[in-house]
Amino acid sequence: MKIAVLPGDGIGPEITAEAVKVLRALDLKLEIEQAPVGGAAYDISGHPLPEATLKLAQSADAILFGAVGNWKYDQLDRALRPEQAILGLRKHLGLFANLRPALCYAELQEASRLKPEAIAGLDILIVRELTGGIYFGQPRGRRSSPDGAFKGADEAYDTMRYARPEIERIARVAFEAARKRHKKVTSVDKANVLETSQFWRDVVIAVHQDYADIELQHMYVDNAAMQLVREPKAFDVVVTGNLFGDVLSDEASMLTGSIGMLPSASLNDKKQGLYEPIHGSAPDIAGKGVANPLATILSAAMLLRHSLDQAEAADRIEGAVKAVLKQGLRTPDIASDGTTRVGTAEMGDAVRRALA
Ligand code: IPM
Ligand code: MG
């Protein structure tokens, strides 16, 4: 069982170090190898996703990823910016299925901006298509506008496109996931305006034929953004395209109290996966030892569950996270009155000790 650890930038190294500590504390035979990625890799080798890092990632059963990005790289050509590392890994490894669970721990209800009764027991799974849509669609670029009211003016354009098999496979992931949960899928699109969205809806309806036991609902993305804060507990599994999923998953994270709590899995059709917290590199707090490592530790649990078939070990980690929250330990992002403030390493150590 080989795990590639790619810490990346900002708080990436601090939080992945804690997750690796937790993984090593389990009695599993894990081969763990580390490589630079993002801005950290650019600084060393001139590229955010060096050949050696990509090779390591491809050869591993699973990748534990920290975070990439820093404002100091904003002036670089797009192809050299840190974000290209994560987009490149997703594309090269075919990681089309992004699972982003938004779970509200009872102990953290107070940390959410929403009323406790609105979020108590919240358990949503966002299934985001990750290798298609407007993120990767060609053509894209800048040019002189060829027609229309602004003919001759500078313009930029991207392309939103989805092929039937691309929608079919992500819809299946969502329906299968719903079978193990509350048997409800909400497909989010903008079918009242976009051709790709109407097609998305048509294909999801066709795939649903194989899942008569699952309730399927469709929702426009603007309405979904509203319903997520109005009545979040009405959702079970949400399936959506790359761009809408990016936006809605950040929104969903705030329901749970802190973006510092949310893990994610990005899987291909061989169960190989990349696991990362959904938050970014937070350069403003990097190196201060205050970042919340729990999203990364929970990502390590997802890694064990989805790519290494170690459900029991995954349960142990998730149980340990609940236990430290119950003990009242909190990094600053989730702290409230009456709780004990701890730093990144203290939190990681506490989880390690709480592994039953
Ligand atoms: C995410 C991030 C990435 C995305 C960025 C870093 C490219 O926001 O994983 O949600 O937009 O997908
Ligand atoms: Mg995002």
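## The largest cavity

The lining of the largest cavity is made up of 7 nonpolar residues, 5 polar residues and 1 charged residue. In total, 13 residues line the largest cavity, and those nearest its centre are Met160, Tyr162, Ser197, Gly241 and Phe244. The model described here is a predicted one.

The space inside the largest cavity comes to about 100 Å³. How many cavities of 30 Å³ or more does the structure hold? The count is 1. Three elements each give at least two residues to the lining of the largest cavity: strand E8 (184-189), helix H7 (195-208) and helix H9 (242-255).

## The largest pocket

The largest pocket has a volume of about 910 Å³. Its lining consists of 26 residues, with Leu99, Leu125, Met302, Arg305 and His306 lying nearest the centre. Two or more lining residues come from each of these elements: strand E4 (97-103), strand E5 (123-129), helix H6 (164-179), strand E11 (263-267), helix H10 (294-306) and helix H11 (311-326).

By residue class, the lining of the largest pocket has 15 nonpolar, 2 polar and 9 charged members. Which domains supply at least three residues each to this lining? They are domain 1 (1-95 + 262-356) and domain 2 (123-255).

## The surroundings of ligand 1

Six names make up the surroundings of ligand 1: Glu83, Arg90, Arg100, Arg128, Tyr135 and Asp246. Of the residues in this shell, 5 are charged and 1 is nonpolar, while no polar residue is present.

A polar side-chain atom of arginine 90 is 2.7 Å from an oxygen atom of ligand 1. For arginine 128, the distance from a polar side-chain atom to an oxygen atom of ligand 1 is 2.8 Å. Aspartate 246 also has a polar side-chain atom by an oxygen atom of ligand 1, at 2.9 Å. On its own, ligand 1 has 320 Å² of accessible area, and the protein covers 74% of that area.

## Backbone details

Most peptide bonds are trans, and most residues other than glycine have a negative phi.

Proline 139 is located in the loop between E5 and strand E6 (141-144). The loop between H6 and E8 is where lysine 183 lies. Helix H6 also contributes to the lining of the largest pocket, and strand E8 to that of the largest cavity.

Terms used: Residues numbered from 1 in each chain as written. Chains lettered and ligands numbered in written order. Predicted model: local features only at pLDDT ≥ 70, side-chain atom pairs only at ≥ 80, totals over all residues. Heavy atoms only, no water. Near = heavy atom within 4 Å. Polar contact = N/O pair within 3.5 Å; in protein donor to acceptor, adjacent residues only side chain to side chain. Areas by Shrake-Rupley, 256 points an atom, 1.4 Å probe, with all protein chains shown as cover. Nonpolar A, V, L, I, M, F, W, Y, C, P; charged D, E, K, R; others polar. 1 Å grid on protein atoms, 1.4 Å probe; cavity = no way out; pocket = protein on both sides within 12 Å on 5 of 7 lines; lining within 4 Å. Points joined across faces, edges and corners; volume = space filled by probe spheres on them. Helix = DSSP H or I, 4+ residues; strand = E, 2+ residues; numbered from the N terminus. Domains from an automatic or database assignment.
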